[in-house]
Amino acid sequence: MITVDKIKKSFAGVDAVKSVSFSAKDGEITGLLGPNGAGKTTTLRMLYSLYQPESGCITVDGMDPMSAPIEVRKKLGALPDSRGLYRHLTARENIRYFGQLHGMSSVELDKRTAELIDLLGIAQIADRRTAGFSQGERVKVAIARAVVHQPQNILLDEPTNGLDVSSTRALRAFLKQQRDSGRCVLFSSHIMQEVMALCDRIVVIAHGLVVADGRADELLEKTGKTDLEDAFVSLVDIDSSSSGNVGAQT
Amino acid sequence: MTSALWAVFRKELIENLRDVRTLASALLIGPLMGPLLFAGLFTLIVNTEKQRAEQEMELPVAGAEHAANLVSYLKQQGVKILPPPEDIEQSIANNEYNIILIIPEGFASQWQQVEPATVELVFDKSRKDASRDIVLTQSLLAAYSAQIGQLRLLARGIKPSVLNALAVDHQDLSTPESRGALLMVILPLFVVMSLFIGSMYLAIDSTAGERERQSLEPLLMVPVPRWQIAMGKLVATLSFSLFSLLLTLIGFALAMRMVPLEELGMKLSLGSTNVVILFLIAAPLALVASALQTVIAAFARSFREAQTYLSVLMLIPVLTAASIQFLQDKSSLLLSLLPVLGQSLQMELIIRGEAAPLGATMLTALVSMVLGSLLCLLVAWLYNREDFL
């Protein structure tokens, strides 16, 4: 369970996130939808306590990332914007390294790593060094590494970027399975079809502000459009007059 | 050691030991460059010297018939007398001969009248390889001249020693070790270099490298205090630096055994005790090298950028180590406290076969360790900054 209340963050005087509030519940997939530069990555980075919000407040399972970053990180598994692997380590070693940093025991790690390799269908590449991996293989390993400690909350920043159809489907199946086991899944995307296909709730962000929050049909109703893409464009354009492009994605 | 710090350290070690590029630069080129250069250079010098010493001196003489006594004296002294070439000056210019003796026609009449009899030596002093023959010929002629002069004085009833107003005694106090040490200023230089080269790759890899490979963000998200991640990486970097140092010292010890330096009148040896002492003297610098390079690399966005910074940075300690040659007052305590400079001076003492003063050496080590620790704190602080990402 994640709640975000009026968080704000700026870089060198430019507001990346002006005021964002939403909540992501356990047993649901929440989508953070917005165009490039809307503030999605900055918002997520504040959730996993890489950035400190200037104002506003965040809770992850009732805890504040700023006052208890270590505890919060234990409850979070994240696939961030950058998802580099260590190319001289095998896929399995990459996953195990993060498990060790999460303080997992060797026995526990053996079991969990085998389980994840099976779940994500990467058995064939598990003991190869990651240097020559395809984009899809890399994302799968990065996801396994992110959830190795079985976090209650799973955060993903544009997880399907650069993935082909079959990898995207495998990822969706994995996220649905996580939701059905009662976890809180939050992911960001700029592709509406994807959010529609997967999410129980959608939070639309544009120019650092939340412009809509609800189920897919509620968003259509609110905008009075029948087509999803029209609805998205009309939502995102609402505030475009208030400020220019605020990019915070790195 | 906490388990996270240990996990980071072990992962860095495994990853870099699998990387051919790291291994080649940190543990092969860096440590072996100095010893190989030393061995190659000195083998060359020793061999050329030996060849030249064994070679019989050849001396073409023009007009040998005018001075049969002089020529037979030269033969007695082991000089091989050759007939003169057609064009004397040209043959010197062409490197055919090192020096040529010309005895003019008037020699015999000058000799009989007891006037200084003129002989002429043709040579090119700028030719380094000819210098031995030039000096030898000149001294042989001077000795012959003195010998004949003494006989002439005796024939006139005068003590030959009246010609010598002074008797100069030479006492060369240089020992085989100290003569060798003159050449060994290169050891501190390569030792300092090995510390920096050994840790350079890991210092970059753990900061700018993680950033460029996009693995820093996931790493900073783990529930571990960042100083532990930073220190795990630093300990790995330090290990490579120390390992590189050890290899350099062992390399030098082996190289010195291979080169027959005694033949140059030098005695140099690096026994296992001295290898350990040199290691202990230089080790605190490994901490400075590792932490300093990590700090600098932390400001770079890419591997290449960091490499550029660090290559320039490395000039400072290397030039400092080389500068001990030009120091007038090597005993100044203040200078010896400076990192790199102090260690270089102390290493030089050890190589010269002297003992480094214990108190000053400990103080130098302490200063370097304090500096290194401060730099480690700076690394931890940088890791904690929001814009480190």
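Because the model is predicted, local features need pLDDT of at least 70 and side-chain atom pairs count only at pLDDT 80 or more, while totals for chains, interfaces and linings use all residues. Residues are numbered from 1 along each chain as its sequence is written, chains are lettered from A in the order in which they are written, and side-chain values use heavy atoms, with hydrogens and water left out.

Let's start with the holes. Rolling a probe the size of a water molecule over the atoms shows where empty space is left. Here a cavity is a set of points, on a 1 Å grid over the protein atoms alone, where a 1.4 Å probe fits but cannot get out. Grid points are joined across faces, edges and corners, and a volume is the space filled by probe spheres set on the points. Counted that way, there are five cavities of 30 Å³ or more.

The largest cavity holds about 130 Å³ of space. Its lining, meaning residues with an atom within 4 Å of a point, is made of 14 residues. Nearest its centre you'll find Ala78(A), His102(A), Ala146(A), Pro218(B) and Met221(B). Which elements give two or more residues to this lining? They are β5 (76-79) and α5 (135-146) of chain A. These labels come from DSSP runs numbered from the N terminus, with helices (H or I) of at least four residues and strands (E) of at least two. By class, the lining of the largest cavity splits into nine nonpolar, three polar and two charged residues. For that sorting, Ala, Val, Leu, Ile, Met, Phe, Trp, Tyr, Cys and Pro are nonpolar, Asp, Glu, Lys and Arg are charged, and the others, Gly among them, are polar.

Next comes the second largest cavity, with about 60 Å³ of space. Among the residues that line it are Leu120(A), Gly136(A), Lys140(A), Leu163(A) and Ser167(A). Two elements of chain A, α5 and α6 (165-180), each give two or more residues to this lining. The largest share, four residues, comes from α5(A). Six residues of the lining are nonpolar, two are polar and one is charged.

Now look at the outside of chain B. Leu333(B), Leu363(B), Leu366(B), Val370(B), Leu374(B) and Leu377(B) form a nonpolar patch on the surface, with about 560 Å² of accessible area together. A patch like this is built from residues with over 30% relative accessible area and no salt bridge, joining nonpolar side chains (Val, Leu, Ile, Met, Phe, Trp, Tyr) within 5 Å. The areas come from the Shrake-Rupley method with a 1.4 Å probe, and for residues only the protein chains shown count as cover. Helix α15 (residues 358-384) of chain B gives the most to the patch, five residues. Leu363(B) sits in that helix, and it counts as partly exposed because its relative accessibility is 37%. The scale goes like this: buried is under 20% relative accessible area, exposed is over 50%, and partly exposed is in between (1.4 Å probe, protein chains only).

Back in chain A, two loop residues are worth a look. Ser49(A) is not a glycine, yet it has a positive phi of about 55 degrees. You'll find Ser49(A) in the loop between α1 (40-47) and β4 (55-60) of chain A. Is Ser49(A) buried or exposed? At 9% relative accessibility, it counts as buried. Asp61(A), also not a glycine, has a positive phi of about 50 degrees. Asp61(A) lies in the loop between β4 and α2 (69-75) of chain A, and it is partly exposed at 29%.

Finally, the charges. A salt bridge here is a side-chain nitrogen of Lys or Arg within 4 Å of a carboxyl oxygen of Asp or Glu, and the count over all chains is 23. In chain B, Glu210(B) and Lys11(B) form one, at 4.0 Å from N to O. Glu210(B) lies in helix α8 (residues 186-212) and Lys11(B) in helix α1 (residues 3-17) of chain B, so the pair ties together parts that are 199 residues apart in sequence. Glu210(B) also meets Lys233(B) in a salt bridge, at 2.6 Å. Lys233(B) belongs to helix α10 (residues 226-258) of chain B, 23 residues from Glu210(B). Both Lys233(B) and Glu210(B) are buried. Through shared partners, salt bridges join Lys11(B), Glu12(B), Glu15(B), Glu210(B) and Lys233(B) into one network.

Technical notes. On a 1 Å grid over the protein atoms alone, a cavity is a set of points where a 1.4 Å probe fits but cannot get out, and a pocket is an open set with protein on both sides within 12 Å along at least five of seven lines; lining residues have an atom within 4 Å of a point. Patches are made of residues with over 30% relative accessible area and no salt bridge: like charges are joined within 9 Å, nonpolar side chains (Val, Leu, Ile, Met, Phe, Trp, Tyr) within 5 Å.
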